[in-house]
Amino acid sequence: MIEIKNLTKYYYSATGGKRALGDVSLQLPRGEIVGLFGENGAGKTTLLKCILGLLNYKGSVTLDGQPVNRKNIHLLSFATCEHSFFPTMTAKEHANFYEMHFPAFRRKRFEALMDFFELPAGRAVGQLSTGQKNQFEVILALCQGADYILMDEPFAGNDVFNREDFYKVLLGILEENETVILSTHLLEEVENFIGRAVLLHKGCIVGDCTMEQLEEQGKDLMTFVKETYQYRADRVIRALGELGGKDR
Amino acid sequence: MVSFESFVQTDGAPIYLQIIRHIKQGIAAGTVSDGEEMPSRRVLSALLGVNPNTVQKAYRLLEEEGLITSHSGAKSYLSLTEEKVAAVRTELMEGVVRTLVGAVKGMGVSREEALSLLEKLWDEEVR
Amino acid sequence: MKRNFREWRQQLLPPGYDASVEVGWLALGGVIAFIYSLCVFAGELGKQLRWLDRVEKQPVPWMMPYYGEILGTALWGFVILAILALLLIPVHGAYWYQGSRSIYLMRRLPQRGELLRRTAGLPLLLAAAALAAALLLLLLYYAIYCGCVPAERQPDGQWAELLRIWFGKERYF
């Protein structure tokens, strides 16, 4: 389980500090598919990067009770829309590189996925189309042999058929102990795919709900999201009203 | 193996209910039979693109209704008797007719009017 | 053999990085630095030896200039090469941000030191090679100096003088 406790992150710049995450606490058990939602700048990417230890932060992130370090970092993989592959290397060379650094690398799965998406194994991946690059990035994250697969807007630039394919393939190959944390703004599309939705707003978790709970309440994901944000909007309006009242 | 090729997802109803309805329609129409194997949960999850929990829920409810049984090794099979098939048919039929009656009543149509219309359309449909 | 060397070299470089061009230029630089050192050292030594020849018959005991003075700027080419090689470190570091953010992968590798090795490895090695070549020539040229100049014409304290010329401050006064 990934356990996040009181995670706070500030970005400092010449013009002052900006709070990117405020006191986020979250538990992500194995075997779940979690959707991470929020407006642009809500802190989705920052949260993922903090879990991976790519950013400094206050608070704690533990992996099965241990802090994330070189010994257990292989349990985490990361697919990002910024891409983290080596653009001048071929797919085949990537597989070798991963195998060298991650002993649990799933070569069979890698080859099956390369086949399924018909990606060229012998061409530098930097020369592929944006959609293919995204696919390749996600394939690497899925084949690293990690238990927690973190994805940050992995399908930006892929068409809808492509993405649907991916969700289905993912559901077909994921094993019981594999966890997916998917940050995206494609709410409706992943609604049936995920088992749990976490909502971020301005660096705070404002909603966290399993899809089963939503179903029992007879709500769809979009309604849940709108209600959650509406609630915030109401509060803002009320607060503004109160402030105005004091002035008068 | 129970086929899901004709399964079409519709908006509104929860997916697990849609899965259950698909099975029941198959039972009522006689396209699936006793002892037939259900796809594994993972395969169905991938086939429909829905979370494994959702499929699991549908299977659990079908089990509770006694329409499928799960053996060791996680394989599930349809478990049907004549009574069960009849019950499913009645349930589905009732559901459809209830909706129809509700809609027609809502338009202020009388029972006689509705029945005669039903008979007329029934014949047209046959032709 | 050559293939093995290439594979080994690639371990000191970002994955997929083609360093053959920059290694080629530095090798050419090495050749130029060597020729330059030879010209400077041989030219100066020859000049001083001819002078020594001319004054030999005279009663004044003429001493040969220090080895360090003869050497002059002969080895500077290698120092410049070493600096150029070190300048490759930021170039290789920039690779992690070009076309993708492979830095994210490098930073989450279980192997500590992999990022550093693949960023600075080859530049450090090349810089070390340039300095080693300079050291080798330093000793070789000294052997030539000792061989060409009669012992009684060689001043004492060669190495102290060399260090003073290279690192000492007093020569500016």
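Two residues are in contact if their C-beta atoms, placed from the backbone, lie within 7 Å. The model is a predicted one, in which local features need pLDDT of at least 70 and side-chain atom pairs count only at pLDDT 80 or more, while totals for chains, interfaces and linings use all residues. Residues are numbered from 1 along each chain as its sequence is written, and chains are lettered from A and ligands numbered from 1 in the order in which they are written.

**Chain A: overall form**

- Chain A contains eight helices and ten strands, where helices (H or I, at least four residues) and strands (E, at least two) are DSSP runs numbered from the N terminus.
- Chain A is as compact as a globular protein of 248 residues, because its radius of gyration is 20 Å, close to the 18 Å of the globule rule; the radius is taken over C-alpha atoms, and the rule is 2.2 Å times the number of residues to the power 0.38.
- Along the principal axes, the C-alpha atoms of chain A fill a box of roughly 70 × 40 × 35 Å.
- Among contacts in chain A with a separation of 6 or more, 70% involve residues 24 or more positions apart.

**Strand pairing in chain A**

- Strands β1 (residues 2–13) and β2 (residues 16–28) of chain A pair in the antiparallel sense over nine bridges; pairing requires that DSSP find at least two bridges between two strands.
- A hairpin of two residues joins β1(A) to β2(A), and Leu7(A) stands opposite Val24(A) in β2(A).
- β1(A) also runs antiparallel to strand β4 (residues 58–63) of chain A, with five bridges joining them; Ile4(A) has Val61(A) in β4(A) as its bridge partner.

**Helix α2 of chain A**

- Ala91(A), His94(A), Ala95(A) and Tyr98(A) are buried in α2(A).
- These residues lie on the same side of α2(A), because they cover an arc of only 100 degrees around the axis; the arc is that of the directions from the helix axis to the C-beta atoms.
- The cover over the buried residues of α2(A) includes α3 (107–116) and α4 of chain A.

**Relations between chains**

- In chain A, 20 residues are in contact with 15 residues of chain C.
- β6 (76–80) and α2 (91–101) of chain A each supply at least two residues of the side that touches chain C.
- Chains B and C share no contact, and their closest C-alpha atoms lie 29 Å apart.

**Leu48 of chain B**

- Leu48(B) lies in helix α2 (residues 41–48) of chain B and counts as buried because it has 21 C-beta neighbours inside 10 Å.
- Leaving aside neighbours within four places in sequence, Leu48(B) is in contact with Phe4(B) and Phe7(B).

Methods: A residue is buried if 20 or more other C-beta atoms lie within 10 Å of its own, exposed if 12 or fewer, and partly exposed in between; C-beta atoms are placed from the backbone.
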